[in-house]
Amino acid sequence: MEDVYKWFHAHPELSGAEEQTAKRIRKELERFADWEITPNLGGHGITAVLRNGEGPTVLMRADFDGLPVAEATDVDYASKHSQLNAHGERVPTMHACGHDHHTTSLLGAMTVLDSVRDKWSGTVIALFQPAEEASIGAHGMVADGLTKAVPHPDVCLAQHVVAGPAGTVYTAPGPVMTSSTTIEITLFGRGAHASMPHRSVDPVVLAASTVMKLQTVVSREVPPNKFAVITVASVEAGKANNVIPDSARIALSCRFYDEDLRKKCVEAIKRIVRAEAMAAGADRDPEFKFVGLLGATDNTDEVYDVIRPAFDEAFGEYSVEMEPWTASEDFPVIPKAFGSPYMLWTVGITPRAQWERAETSGRLDIDIPTNHNPGFLPDLSTLQTSTRAAAVGILSCLAHDWPERDTEKPTMGAVPPTDAEIDAVSVETAQVD
Ligand SMILES: [Zn+2]
Ligand SMILES: [Zn+2]
């Protein structure tokens, strides 16, 4: 699969614009004569189903979009690709999150499963998902009829590559990835000549005090033993050195494992932003726009209990406990649509020598490129690890006797927020002004 991987890696496409990638996946799928292919689900999404007799139905998902990042690695298959973004600007693109790796491994696992068909029975669904980085790909496939297009899965699986010693497979039950709430806030002031600050309500000063005050949500309102991240990732105001602008814009990225805590923090953010505007003497209330909301990835215990022993057998000492990861995923949208249990595991891809050097010198945080870094580059040997992990994960689930489920209702404990809940938040915030 190495050549296929290198092709994907050299041709990364932005979320929603993965035309050539989808075309190449479909070309690879031509090798699988007995799998039923459904293309163009929710944009460039594709499913492939192999019905191989009685038994459980197992779905495995791989995402395939890239990022607007300029690759800074020196391999001969590094991306030199660029694409127009949503604003019509040409941007460099890179598979900086390893979605090319996920897709290659799922194709590899299909090859394995296809060639040992006499050794298992049941149904396998390979799902290739676009637009994960924009948090809309899984929703898009569900909205376009995914649940009607494929058989009902007894269990859904996914994997993600991460910085970590090459070949390590990380698993854990319960919450492993955070929920994500993205908020864009416009702060309104009053513009004036830069020499006449008394005639203005300065939105730059307002934004500065708001950003500082927001730091107290996690440090002063969240219990010290609970996890929460509130990052103000963007501040924009003003274009000239002699004009006090009339508004400022800040963008927040917030991460949580606990849904009640998420709601509490969102309320605190709204309270602080409004109060700071009032303190500054702004005539107009700030505007809140919720541009993204993803539930936490909360692995079902039962699936972990099936897969972990199989990974221990396959990977020995390289099958280890996963520390919760503060990134977020839209994968749970898929099992949630079916009401199925699910699990996401991660695979370490950093060359071992590089990892050991950084670990010895206490420089892991500095020297090891993480996902989304221009230097993020999986060791090629790990293609085999993630292909095996996918095949072993699917086969162990095919060998398990899954209980009958009420397919009408999700049966999991922590369910990601529903579309209605997302709408409720938007409606509430739209009423602010
Ligand atoms: Zn990513
Ligand atoms: Zn990713």
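A: Trp-355 is found in helix α10 (residues 352-360), where helices (H or I, at least four residues) and strands (E, at least two) are DSSP runs numbered from the N terminus. This is a predicted model, in which local features need pLDDT of at least 70 and side-chain atom pairs count only at pLDDT 80 or more, while totals for chains, interfaces and linings use all residues. Residues are numbered from 1 along each chain as its sequence is written, and chains are lettered from A and ligands numbered from 1 in the order in which they are written.

Trp-355 counts as buried because it has 21 C-beta neighbours inside 10 Å; a residue is buried if 20 or more other C-beta atoms, placed from the backbone, lie within 10 Å of its own, exposed if 12 or fewer, and partly exposed in between. When neighbours within four places in sequence are left aside, Trp-355 is in contact with Pro-165, Thr-350 and Ile-368, a contact being two residues whose C-beta atoms, placed from the backbone, lie within 7 Å. Phe-338 is 17 residues from Trp-355 in sequence, yet the two C-alpha atoms are 39 Å apart in space.

One open sheet has eight strands in the order β1-β2-β6-β3-β7-β18-β8-β17, with mixed pairing; two strands pair if DSSP finds at least two bridges between them. Its edge strands, each pairing on one side only, are β1 and β17 (319-321). From one strand of this sheet to the next the twist averages 25°, with axes being lines fitted to C-alpha atoms, for helices over the stretch in contact, and angles running from 0 to 180 degrees between N-to-C directions. Helix α2 (residues 19-29) lies across β1, β2 and β6 and runs at about 15° to β2, whereas helix α3 (residues 99-115) lies across β2, β3 (57-63), β6 and β7 (155-165) and runs at about 150° to β3.

Two backbone positions in this region deserve a note, since most residues other than glycine have a negative phi. Asn-40, placed in strand β1 (residues 36-41), has a positive phi near 55° and counts as exposed because it has 11 C-beta neighbours inside 10 Å. Ser-135, in the loop between β6 (122-129) and α4 (137-143), has a positive phi of about 60° and counts as partly exposed because it has 19 C-beta neighbours inside 10 Å.

An open sheet of four strands is ordered β12-β14-β10-β15, with antiparallel pairing, and its edge strands are β12 (228-237) and β15 (287-294). Ten bridges join β10 (residues 179-188) to β14 (residues 247-256); Thr-186 stands opposite Arg-249, and Ile-185 opposite Ile-250. On the other pairing, β10 and β15 share seven bridges, with Leu-294 in β15 as the partner of Ser-180. The UniProt annotation "domain: Peptidase M20 dimerisation", from an unreviewed entry, covers residues 181-277; its positions are given in the numbering used here, feature names are shortened, and annotations may be inferred rather than shown by experiment. Over residues 181-277 the chain is 39% helix and 33% strand, with 22 Å between the end C-alpha atoms.

The interior can be described through nonpolar cores, each a set of buried Ala, Val, Leu, Ile, Met, Phe, Trp, Tyr and Cys residues joined through C-beta atoms within 7 Å. The largest of these has 88 residues, and Val-58, Met-60, Ala-126, Leu-157, Cys-265 and Ile-394 touch the most other members. Helix α12 (residues 382-398) gives the most to this core, with eight residues, and the core draws at least three residues from each of domain 1 and domain 2. Ala-126, again leaving aside neighbours within four places in sequence, is in contact with Thr-47, Ala-48, Met-60, Leu-106 and Met-110. A second, separate core of seven residues includes Val-69, Ala-96, Phe-376 and Leu-377.

How values were computed: Domains from an automatic or database assignment.
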